[in-house]
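Please consult the sequence and the structure shown below.

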Amino acid sequence: AMPLFGGAFTSFVHQRQPVNPLTWSLAAGQMPENNRQGAPFRGHFLCLGRWGSPSAGEIAAGVPHNGEPANSWWKLQKRDGQAVTVSATAPLDGLEITRKVTLSPVSPVFQVSERVTNTFSLGRPWNMVQHPTIGPPFLTRQTVVQTSAGAGFMQKWSFPDPGIAAYQWPNGFLDSLKTLPVDLRQMSTENYVTTHIFDEDTTTGWVTAFDPESRLLYGFVWKTTDYPWLNVWNYNQNGQPFAKGLEFGTTGIGRPYRDLLMNDTRFNDRASFEYLDAGETAEKSYACFIMPLPQSFGELHSITASSQTIYLHGKHTLQLRLAAPL
């Protein structure tokens, strides 16, 4: 399900095990003040133009947190068999986006291709972050998150030098002195955002969440040239698991561009923004899947992909066929 108000994916279920991972949502009153007139954040929404808070001047100009498309109406452009095309505008950011969603006819997987155009006469730094967030009952203390990501840091210690307390997935630290270790694969009782890049030879990015009770595996696969960062948000409410964000995108520091541009915020030479020239169009894609893993599969070890197939590797290999090349 993808309501046009906010353009978020709010439901994705497998017919054999219909547990929806995308139950997380915020009420209007929980939204940032500059977002409350529009769509609330829920499920898997898109951060476009920025990730996180705008600057004080941008907020005064009406720019919402995480950009305009997640806060406004999208338009249905076309339905064509297994595919649907929608679009949205971000006039305050000078951006337009067209999204094509294609379902595989043979596997529990869909693909998303998004084209973003800069309509301004000025080139600009920009960011784009996919913000899938899982919630209960799929999310429990037993939920396991895995990824092909590597070096990373706690978002809390990311500015102005994200390398100050770096570590390697899945072995994180909650403090800058590295005395409080945390297994990033597990649902921690602490609230945090851990941010990661991919090794230079890792061309396929992936992140999964596995619920041992339903044995459902929910995940994403993409080219690391499209989305070179992964941000995992771990959040509890009233002592219970409430949200786990599996956020892959073009940035690892959720701050206004002034902060990113006026300081050397690179991590292992990786910048936390991209550049879109006047009139330029960028295209980025990913695949999303959900499937129950048979007991005989055991635990997921890794994921690989060819042009039209995703391979899940455990005790044996499962294949997911794509409708179009990844």
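Which residues does Trp222 touch, not counting residues up to four places away in sequence? With contact meaning heavy atoms within 4.5 Å, Trp222 touches Phe198, Thr203, Thr204, Gly205, Trp206, Val207, Tyr227, Leu230, Phe248, Ser285 and Tyr286. This is a predicted model, in which local features need pLDDT of at least 70, side-chain atom pairs count only at pLDDT 80 or more, and totals for chains, interfaces and linings use all residues. Residues are numbered from 1 along each chain as its sequence is written, and side-chain values use heavy atoms, leaving out hydrogens and water.

**Strand 19**
- Nine of the twelve residues in strand 19 (residues 281-292) are buried, that is, under 20% relative accessible area with a 1.4 Å probe, protein chains only; strands are DSSP runs of E, at least two residues, numbered from the N terminus.
- Strand 5 (residues 109-118) pairs with strand 19 in the antiparallel sense over nine bridges, where pairing requires at least two DSSP bridges.
- Arg115 stands opposite Glu283 in strand 19.
- Strand 15 (residues 216-223) runs antiparallel to strand 19, joined by six bridges, and Leu217 has Met291 as its bridge partner.

**Nonpolar cores**
- The largest nonpolar core has 56 residues, of which Tyr218 and Trp222 touch the most other members; a core is a set of buried Ala, Val, Leu, Ile, Met, Phe, Trp, Tyr and Cys residues joined through side-chain atoms within 4.5 Å.
- Another core of 17 residues lies apart from it, with Ala287, Met291, Leu293 and Leu318 among them.

Notes
Buried means under 20% relative accessible area, exposed over 50%, partly exposed in between (1.4 Å probe, protein chains only). Helices (H or I, at least four residues) and strands (E, at least two) are DSSP runs, numbered from the N terminus.
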